[in-house]
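Subject: Structure for your review

Dear colleague,

Please find below the structure that I am handing over to you. My notes on it follow directly after.

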Amino acid sequence: MDTDDETLLDEKARRTRDLLASFYSPIPSASSNNPFSKHASPDDINSSSFQPDQYMKIMARKSSLEGLLQRHVEMVAEIKNLDTDLQMLVYENYNKFICATDTIKRMKSNILGMEENMEQLLERIMSVQSRSDSVNTSLCENREHIEKMHRTCNLLRKIQFIYDLPDRLGKCIKSEAYADAVRFYIGAMPIFKAYGDSSFQDCKRASEEAIAIIVKNLQGKVFSDSESMQVRAEAAVLLKQLNFPADYLKTKLLEKLELSLRDMQFITAVMENDSPSAHEASIHELVEAIRAFRVIFPDSEKQLVQLAQDLLTKHFLIIEEYVKTRICSEDLLGVLRVIWNAVLRMDEVLEEVSLSNHSLEATKDAVKLYIRSAFSHLTQDISDHLLKVLKRGGAEEYSLEVALDASIKAVFDGGRNVLLDIHKILEDNLEIVDKLRELIIDWVQQGYQDFFRELEVQFISFLGRNNSSATQSHGLMEGAQGVKAFPSLVLVLAQLSAFIGQTAIPKITEELAASFSQGSVGGYEYGLSFVPGVISQKFRAAGEKFLQLYINMRTQKISLLLKKRFATPNWVKHKEPREVHMFVDLFLQELKITGNEVKQILPQDLTKHRRADSNGSSASSRSNSFREEKEKLSRSNIQKGRSQQLLETHLAKLFKQKVEIFTKVEYTQESVVMTIVKLCLKSLQEYVRIQTFNRSGFQQIQLDIQFLRTPLKEIVEDEAAMDFLLDEVIVAAVERSLDPIPLELPILDRLVQAKLAQHRKQDLISS
Amino acid sequence: MCNATNAESNMIHMKRCVMKWKEHALVRIGVGLHKKVAGTCGYLCASNSTLRCGTSGVVERFCVQEIAMQAASSGIGYGLKYQARCISDVKADTDHTSFLAGTLSLKEENEVHLIRLSSNGTELFCEGLFSHPNEIWDLVSCPFDQRIFSTVYSNGETYGAAIWQIPELYGELNSPQLERITSLDTDPGKIKCILWWPSGRHDKLISINEENMYLWNLDVSKKTAQVQSQDSAGMLHKLSGGAWDPHDVSSVVATCESYLQFWDVRTMKKTISVECSHVCSVDYHPQKQHILVTAEHESGIHIWDLRKPKVPIQELPGHTHWAWTVKCNPEYDGMILSGGTDSTVNLWLASTNHDELTDERQVDSSARWVDPLLNSYSDYEDSIYGLTWSSREPWIFASLSYDGRVVVESVKSFIPKK
């Protein structure tokens, strides 16, 4: 029950408070949360919308009387409570009001004396003010004085400093404290500027002198190589502070650097195989110098780069000169390595791209030149070998074979060596070369192309040289001797050209392909610059030309011989033949020389030779039988008429197989000799045709030709053709003879035998 | 054989055109100059027909001609009776394309043939056949009178030269005699050639023998010739031939053993000489002054510019054996014909413009090289010594091989388009 009372009390208190609150505040917002107000209904006594009548009605209807009474009692009690509360409240308020009134009354009384006090205070403050002013004025004079004094003192100190400056500078010079000296001097500068002309003239002069010394010393320091970089840099900075013309300094230093660079020939050192440390040292020196310079003059980069470039250019020029001489790839690599090192080192210092680019360009040129010169040396070698042929007059032992072998070797080995050299260069992992790799490969191919072209031109120029008879001026040969040897040169050239065209070029092409396709990425690009097909075609053509020329030259010589033979005697008044004419000897001798040359140079045609052997017997027997027949004929012809005889020769010819005289020349001993013999016999026939013979003249020709058969048979390969041509000569002689009566066979035989015997004897003697 | 000789003797009296063909055939089979297989077969057939139908000449001629046509593909053939070296274009004959050819036979009676190309150009026939007393080494038709020509001849021992006139033909005669206008007799030197004044009617002639050069004054009407001036070639030099400059008629060139020697005809003095070995034939370029073409035994054909006589401006490879004779085309620039002892006739197209040539050489290096050899006519049996262009139809040339075969060919297909 207690708890019920308490809650009841609480309920009551709250209600009261709410009501009070509602009283003060007309908005019943505070009680909106009130659970009582929730059910705001007209019967709720607490709500504002309470309607007493309705409440009464509801009460009366709902409650019993007892309830109503109880309610009534409650209500009354409540009302009483409320009245008490209200009375208390009013009382309290009143109390407070009284309290406030009292306070106000007390305040009023307190304020009354205040004004007076304030006036007094003001008075006092005024007096303090006036006193302080008076103190101030009395002290002011003194203070001004003191300030003046202070200023003078400062000035005096400054003057003192300036007067002391020369001494101090002197001291600084002594102690080499240039930095202080410069600082002092610069400090004194404005004064000197202002009063230097009047008051401090002496002083200024003295200090300027001192400064001049300092400047000199500093310059000395800057230029001296023994000082450390730091010191030199400082000195340069100080000099700059002293308004010393820095440009002048710079140019001076640059000049010095240049001068030292000029003496720096590390490349030559490499070339002369000096110790590697020498050029290392010089490069080091150079780099140090450049570094120092950069420290001293930070803005001088451009000039330094220029300088370095000049240096590199100079060295590359030297390299180019060097490359033109015969060097091997190692030498080139050595040189390049050194210079590339130098470039890298300089790059470190200069941090400039253009330098390495520049050197890359230069290296490009150098390598290109190297390749070119390698090939030109090769060309030179080959022509040297060849020209030895012409010089062989003195030393006969230098045979054609040797010359040919040597030049073939030169072409082959030389070509291969160049390739190997290039390979070495490529395989060396020098950075600079790596960059040029593709280019180098391209150049090599180009080089081969040019080399072969050049070689061909050179070969042809050999001929031109002889034709214009400028040979003597070249000092290559001694007149007739050289001319004599010239055809052999042509022969060697022919074989060499053929060899190059057929063997060397395909081989080199192979090697090129093999060596570069693996290395380079763009494997088959080489086809662009090296066109083996065209070149070998060219060489083959040249070879044929040379061979033809050789044959022509040899033939020409014999032809001249024959021409003389036929132009000299008066054939119409020829005397009886006594012996075989000596032109036959000369003819055979020439053929022998040719044969010797050819044997040395050209290969034997094995297949054909065998074939010729196998049917040679039959051919010769046929021609023999034919000849016998003819001889029989001619013997019997003596009795017959001329026309009859002619008829028979012609008939015989008609039914004999026509021999193809002019066939293509091949690169074999047999073919060349055969061609020469054929041409000569044809010439012989032509010479006979333009003469007219009497009987003896005809017989002489018959005898000569008859004799020729035997030795020629040993020389030539195709006996049938030779016999045919010899017969042609006889026929021509018959046609051109006024009285074609041949020699009696026994006489013919006897004369031929005599000559043969003579030959044998000569051979014996000579052997 | 007897049969053949009989036939031969009979045929001398036959009508000339028919007879020539028959003879030709007989010479082939009877005297038997060697022939290629094809040729031989052809002539064998021909001879059969000859022997079979000795009287029906027309058919026979036709037959032979056909075979000749086959043998020489495009060429038209004609056979001389004997071996022969010289053929000449009859320049003065403006109505027909005619040639004169002379035979070279020591022992037989030599002949001069006047050969004419039929108007349709398919047939060669003999317009005249004249016996000549000696073997003929050189024959040149007079440039202004078609009936006059000169020959150089030899009887084996001595040489002589003469101007001849073809007698008026009245259609019916047999083997008429040539009328000798005059002989150009000088010292006994071996006379080499006669040069007529290059063009037009002129009374000057030049004869060249081994040692000397003579300028003659010829009077046709009076039938006389007199030496006007002469000059010797000099010691040890033997002249072998020559040419008269058509551009500058005062200049004559003669071929020597190792050089070309030029004479000024007015003063009969030597002028320049050009070094050139073994030269055997020379011809002036008919259109361009200073241009000269030479054929040399060994080294082929050279073209010279006389303003730069040191080196030839162009070299042509020539022949497998000697290049014997060379002739410039009278009409088409740069077209050169050469005959050689390798039994071929080569037709060349050479650039005679020097500047152009150097340009061309430069171009040469860059691989644009044109073979100057246009064509090689190789259907011959023996060396070619006689060669001439027709001046009336300049695309036609006649060649004469030693075996006496005349072949006329047309080069029309090779003439460069302008």
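Leaving aside its neighbours within four places in sequence, with which residues is A:S373 in contact? In this predicted model, the residues concerned are A:V323 and A:K324. A:S373 itself belongs to helix α14 of chain A, which spans residues 353-391. A:S373 counts as partly exposed because it has 19 C-beta neighbours inside 10 Å, whereas a buried residue needs 20 or more. The C-alpha atom of A:S373 is also separated by 7.9 Å from that of A:T325, although the two residues are 48 apart along the chain.

Chain A

The secondary structure of chain A consists of 26 helices and zero strands. The chain has 767 residues, of which 31% count as buried. Among its contacts with a separation of 6 or more, 77% are between residues 24 or more positions apart.

An unreviewed UniProt entry annotates residues 104-131 of chain A as "coiled-coil region". In the model that span is 93% helix and 0% strand, and its end C-alpha atoms lie 43 Å apart.

The nonpolar cores

The largest nonpolar core contains 146 residues. The residues with the most contacts inside it are A:I440, A:V490, A:V492, A:L493, A:V677, A:V729 and A:A733. Helix α18 of chain A (residues 479-519) supplies the largest share of this core, namely 13 residues. A second, separate core has 103 residues, and B:I76, B:Y82, B:I148 and B:C276 are included in it. To return to A:V729, its contacts, apart from neighbours within four places in sequence, are with A:L681, A:L684, A:Q685, A:V688 and A:I705.

Chain B

An open sheet of four strands in chain B has the order β1-β28-β27-β26, with antiparallel pairing. Its edge strands are β1 (76-79) and β26, each of which pairs on one side only. On average, and with direction ignored, neighbouring strands of the sheet are turned by 20 degrees against each other. Five bridges connect β26(B) with strand β27 of chain B (residues 396-401) in the antiparallel sense, and B:T388 stands opposite B:A398 in β27(B).

Elsewhere in chain B, strand β4 (residues 110-117) and strand β5 (residues 124-132) run antiparallel and are joined by eight bridges. Across this pair, B:I115 stands opposite B:C126 in β5(B). The two strands form a hairpin with six residues between them, and B:G121 in the turn has a positive phi of about 75 degrees.

Confidence

The model scores ipTM 0.79 and pTM 0.64. For chain B the mean pLDDT is 76, and 76% of the residues reach 70 or more. Within chain B, confidence is highest in strand β26 (residues 384-389), at a mean of 92, and lowest in helix α3 (residues 37-52), at a mean of 35. The pLDDT is below 50 over residues 1-72 of chain B, a stretch that has 100 contacts in the model beyond near neighbours in sequence. It is also below 50 over residues 356-368 of chain B, where the corresponding number of contacts is seven. Where pLDDT is low, the predicted coordinates should not be read in detail.

With kind regards

How values were computed
Residues are numbered from 1 along each chain as its sequence is written. Chains are lettered from A and ligands numbered from 1 in the order in which they are written. This is a predicted model: local features need pLDDT of at least 70, side-chain atom pairs count only at pLDDT 80 or more; totals for chains, interfaces and linings use all residues. A nonpolar core is a set of buried Ala, Val, Leu, Ile, Met, Phe, Trp, Tyr and Cys residues joined through C-beta atoms within 7 Å. A residue is buried if 20 or more other C-beta atoms lie within 10 Å of its own, exposed if 12 or fewer, and partly exposed in between; C-beta atoms are placed from the backbone. Two residues are in contact if their C-beta atoms, placed from the backbone, lie within 7 Å. pLDDT is the predictor's confidence in each residue, from 0 to 100. Two strands pair if DSSP finds at least two bridges between them. UniProt positions are given in the numbering used here, feature names are shortened, and annotations may be inferred rather than shown by experiment. Axes are lines fitted to C-alpha atoms, for helices over the stretch in contact, and angles run from 0 to 180 degrees between N-to-C directions.
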